[in-house]
Amino acid sequence: MNDMTIWTPQIDDEVCTGCGDCVDACPTDVLELFTTNVAAVADPEACNYCGICESICPVEAISLPYQIVLGSDI
Amino acid sequence: MSEDSIPLLKLLQRIPSFFHISEIHLKRLAEGAICRSFSAGQIIFLEGEGSAGLWGLEKGHVKLYKLSPEGQEYILRFVGPGEAFNELAALDNAPNAASAMAVTDVEAWVISGEVFNRALQEDHELSLAVIQGLVGRMRALTVQVEDLALRTVTARLARFLVEQIEDPALAHPAVTRALIANYLATTPESISRSLRALEIAGAISFNRHRIVITDLEVLRQQAQL
């Protein structure tokens, strides 16, 4: 993850098997299966960070990055 | 002293245990050092390989970790800008005790074990500073062992969150459940449950991609600090 992390689900292309479980489960249609047969974030702005994709992935290819902040700083 | 090693001198002067070391000794240490860049995810050195020398982190974040034979990762420590790492292998010239990977894009300086040991022999203040640094690491490892043996996942997670807030050098640009789990020697599912427990306790809340510390005092109580 670089310093310009995009706050969307991070999908490890080398681990993803293209099963499509995350695509089916996403309530806001953020994810799609690409022609390369791996899941990818197609609509990042629609992501509400519910975490369903992360928990449903059978091979742990998806992770949601978080920023830890103090309440008084935001 | 070459112009190239001036940034390293400034970096060494930022390392807390080196604060009182005279510039001339730090300059000696900086001579012969090499600046290296790594991309996020790139391995800097591997456990078991020949000593990779002493490293000082200029920019970015590094994780020091060990792997089980089954490939399970355990993160020993996160390193932030201005911190040194791999002191053990630099001192005894034995294989690296852990692996190091760039978590973000990284710029770091490496000083060979030979240069490091020569500088230590010539300067007892530097030796003392290194010993103090190692004592600090040993204290931190003792706390880590205590955490693993005696504290619940929720307490360990609370302590991790407190450390992230209170030590800017260690503050990660981004953490995942898996990364926290590897640091606390547990599973991402346990981290999810503990995050929920801390949320119910009123210590944290979620704001999309942010884990917001809403009550630091409650979080410290949960961490048993």
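**View 1. The contact between chain A and chain B takes 20 residues from chain A and 23 residues from chain B.** Contact here means heavy atoms within 4.5 Å. The model is predicted: local features need pLDDT of at least 70, side-chain atom pairs count only at pLDDT 80 or more, and totals for chains, interfaces and linings use all residues. Residues are numbered from 1 along each chain as its sequence is written, chains are lettered from A in the order in which they are written, and side-chain values use heavy atoms, without hydrogens and water. About 2,000 Å² is buried between the two chains, 60% of it from carbon and sulfur atoms; buried area is the accessible area (1.4 Å probe) lost by two parts on being put together, summed over both.

**View 2. One salt bridge is found across the interface of chain A and chain B.** Glu54(A) and Arg177(B) form this salt bridge through their side chains, at 2.9 Å from N to O. The term denotes a side-chain nitrogen of Lys or Arg within 4 Å of a carboxyl oxygen of Asp or Glu.

**View 3. Strand β5 (residues 67–70) of chain A is joined by four bridges to strand β10 (residues 210–213) of chain B, and the two run parallel.** Strands are DSSP runs (E, at least two residues), numbered from the N terminus, and two strands pair if DSSP finds at least two bridges between them. Val69(A) has Val212(B) as its bridge partner, while Ile68(A) stands opposite Ile211(B).

**View 4. Strand β9 (residues 204–207) of chain B runs antiparallel to β10(B), with four bridges joining them.** Phe206(B) is partnered with Ile211(B). Two residues lie between the strands of this hairpin, in which Arg208(B) takes a positive phi near 50 degrees.
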